[in-house]
Amino acid sequence: MKMRKRILGGIVMAAAALSCVFFPAAAQEEQSVVWSQDFESSAITGASGAAALLRRQIAKTPNPEQYIVVGLIGGKEGDWNHTEQTLQAEFGEHYLDVKSYLASEQALQDAGFAPTGQDRTDLTEGRVPASLRTDSVHLNDAGYKLLAQNIYKKLVDLKYIENKI
């Protein structure tokens, strides 16, 4: 699987077809953040297949003991709940459930947005609100900023990095 690298907000991102592995620029030999999305369009069989793929990816990182798996931000509610539960059970404290935060009024407030009518509909239906997305799947700048802040907090909480903010 060929990897492509891009720099996103000070993080070097190596992107594969099914997932993104983030290596914090200041600690490329120490921690990895794995954010896997779009399991439904792949040949992976369900949540257990996703967990197995993530385990294989983590095993290839510079330090497979220090990592974070970032959860899904979209998907059908029933599928999402099952996948979230499976990944939480598999990765424990290394797992970051970001959708529960992003699909909340608190996330909108933290981004400085007042909820629109569409945002309220999205929140009622358990989706990340439109004000934090560019389309039905991808986050916008405000959404990615909140995602990055959550990843940073998790890195600090796991004592992988010192809080410098």
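pLDDT is the predictor's confidence in each residue, on a scale from 0 to 100. The protein averages a pLDDT of 78, and 72% of the residues score at least 70. Over residues 1-28 the pLDDT is below 50. Beyond near neighbours in sequence, that stretch still has 63 contacts in the model, where a contact means heavy atoms within 4.5 Å.

This is a predicted model: local features need a pLDDT of at least 70, side-chain atom pairs count only at pLDDT 80 or more, and totals for chains, interfaces and linings use all residues. Residues are numbered from 1 along each chain as its sequence is written, and side-chain values use heavy atoms, with hydrogens and water left out.

## Overall layout

The protein has six helices and six strands. Both are DSSP runs numbered from the N terminus: helices are H or I with at least four residues, strands are E with at least two. Along the sequence, the pattern reads β-β-β-β-α-β-α-β-α-α-α-α.

Of the 165 residues, 45% are buried. Buried means under 20% relative accessible area, exposed means over 50%, and partly exposed lies in between (1.4 Å probe, protein chains only). The accessible surface comes to about 9200 Å². Carbon and sulfur atoms own 53% of that surface. Areas come from the Shrake-Rupley method with a 1.4 Å probe; for residues, only the protein chains shown count as cover.

Take the contacts between residues at least 6 apart in sequence. Of these, 50% join residues at least 24 apart.

Helix 1 has 14 residues. Its first and last C-alpha atoms are 20 Å apart, close to the 20 Å expected at 1.5 Å a residue. The expected span is 1.5 Å times one less than the number of residues. Buried residues in helix 1 include A47, A50, L54 and I58. An α-helix has 3.6 residues a turn, so residues three or four places apart point the same way.

T61 sits in the loop between helix 1 (46-59) and strand 5 (67-70). Its relative accessible area is 8%, so T61 is buried. The T61 side chain reaches back to the backbone oxygen of I58 at 2.6 Å. That is a polar contact: a pair of N or O atoms within 3.5 Å; within protein, one must be able to donate a hydrogen and the other to accept it, and residues adjacent in sequence count only if both atoms are side-chain atoms.

## Strand 5

What does I68 touch in the model? I68 lies in strand 5. Leaving aside neighbours within four places in sequence, I68 is in contact with S32, V33, V34, H94, L96, I151, K154, L155, L158 and Y160. The C-alpha atoms of I68 and H94 are separated by 4.7 Å, although the two residues are 26 apart along the chain.

Y67 also has a place in strand 5. The structure holds one aromatic pair. The rings of Y67 and F91 have centres 6.1 Å apart and planes at 85°, so the pair is edge-to-face. Rings of Phe, Tyr and Trp (its six-membered ring) pair if their centres lie within 6.5 Å; planes under 30 degrees apart count as stacked, over 60 as edge-to-face and the rest as tilted. F91 belongs to helix 2 (residues 77-91), so the pair ties together parts that are 24 residues apart in sequence.

## Accessibility of selected residues

| Residue | Relative accessible area | Class |
|---|---|---|
| Y67 | 4% | buried |
| F91 | 2% | buried |
| I68 | 0% | buried |
| P129 | 0% | buried |
| K159 | 70% | exposed |

P129 is found in the loop between helix 5 (117-124) and helix 6 (141-157). Not counting residues up to four places away in sequence, P129 touches L102, A103, L108, D119, D122 and L123. The C-alpha atoms of P129 and G117 are 9.8 Å apart, with the two residues twelve apart along the chain.

## Helix 6 and its ends

Helix 6 has 17 residues, which should span 24 Å at 1.5 Å a residue; the end C-alpha atoms are 24 Å apart, which agrees. Its buried residues include L147, N150, I151, K154 and L155.

N140 caps the N-terminal end of helix 6. A side-chain oxygen of N140 lies 3.1 Å from the backbone nitrogen of A142. At the other end, K159 is in the segment after the helix. Phi of K159 is near 60°, a positive value in a residue other than glycine.
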